[in-house]
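Biologist: I would like to go through the charged pairs and the nonpolar surface of this model. Please show it before we start.

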Amino acid sequence: MAKKIEEIDTQRMADGSENEEWLEDVSDLIKSLKTSGILDMIKAFSEKRNDIIAILSKQASEERNRRFITNVLLIYSLLSSLDPSILETVTRGISDAINHSYEQRDRGSLSLIKINSMIKDPDVAAGLRTVLSIIGSLGKGGDTHGGE
């Protein structure tokens, strides 16, 4: 429980050093905001808040913007549910594969025998299973647009 205040420290109040220090800090903050232009922006937002709210409301009510916001939230949800170390490995692998894609042309044609031997590699098999699983989930997605 908080301690009951029984008397006012008149010395601290008369001294005013804490208030002066606080006022200096606030003054420094305002100067910094002014110098950076943030204070002007805050003032403009404050003065035009009704116009800004009207514009945001109008934009938020448009179907394409609602879809965009929903999609951004879904992507955020997807990325936040993934293990960062796995995602880092996948993105590094994709980057390396794209950066070295021209080298693959020098290896010649890809026969069914070569594909079969590649599938026997546990890493390739795991990646292939993942890709096939993703493709399978796309088919289950409740396609209401006939694949368009």
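Biologist: How many residues apart are Arg 92 and Glu 88 in helix H6?

Modeller: This is a predicted model. Helix H6 covers residues 84–99, and both Arg 92 and Glu 88 belong to that helix. About one helical turn separates the two, because their spacing in H6 is 4 residues.

Biologist: At what N to O distance do the side chains of Arg 92 and Glu 88 meet?

Modeller: A salt bridge requires the nitrogen to be within 4 Å of the carboxyl oxygen. Arg 92 and Glu 88 meet in such a bridge, with an N to O distance of 2.9 Å.

Biologist: Are Arg 92 and Glu 88 buried, partly exposed or exposed?

Modeller: Buried means under 20% relative accessible area and exposed means over 50%. Arg 92 has 43%, and Glu 88 has 46%. Both values fall between the two limits, so Arg 92 and Glu 88 are partly exposed.

Biologist: In which helix do Glu 63 and Arg 66 both lie?

Modeller: Glu 63 and Arg 66 are 3 residues apart, about one turn of the helix. Glu 63 and Arg 67 are 4 residues apart, again about one turn. The helix, residues 63–81, is H5.

Biologist: What does the count of salt bridges come to?

Modeller: Those discussed here include Glu 63 with Arg 66 and Arg 92 with Glu 88. Under the 4 Å rule, the count comes to 5.

Biologist: Which helix gives the most to the nonpolar patch?

Modeller: The patch covers about 890 Å², and its residues include Leu 110, Ile 115, Val 124 and Leu 132. Helix H8 (112–119) and helix H9 (122–140) each supply at least two of its residues. The helix that gives the most, with 5 residues, is H9.

Biologist: Is Leu 132 buried or exposed?

Modeller: Leu 132 sits in helix H9 and is part of the nonpolar patch. Its relative accessible area is 52%. The limit for this class is over 50%, so Leu 132 is exposed.

Definitions and conventions: Residues numbered from 1 in each chain as written. Predicted model: local features only at pLDDT ≥ 70, side-chain atom pairs only at ≥ 80, totals over all residues. Heavy atoms only, no water. Buried < 20%, exposed > 50% of the residue type's maximum accessible area, 1.4 Å probe, protein only. Patch = residues over 30% accessible without salt bridge, like charges linked within 9 Å, V, L, I, M, F, W, Y side chains within 5 Å. Areas by Shrake-Rupley, 256 points an atom, 1.4 Å probe, with all protein chains shown as cover.
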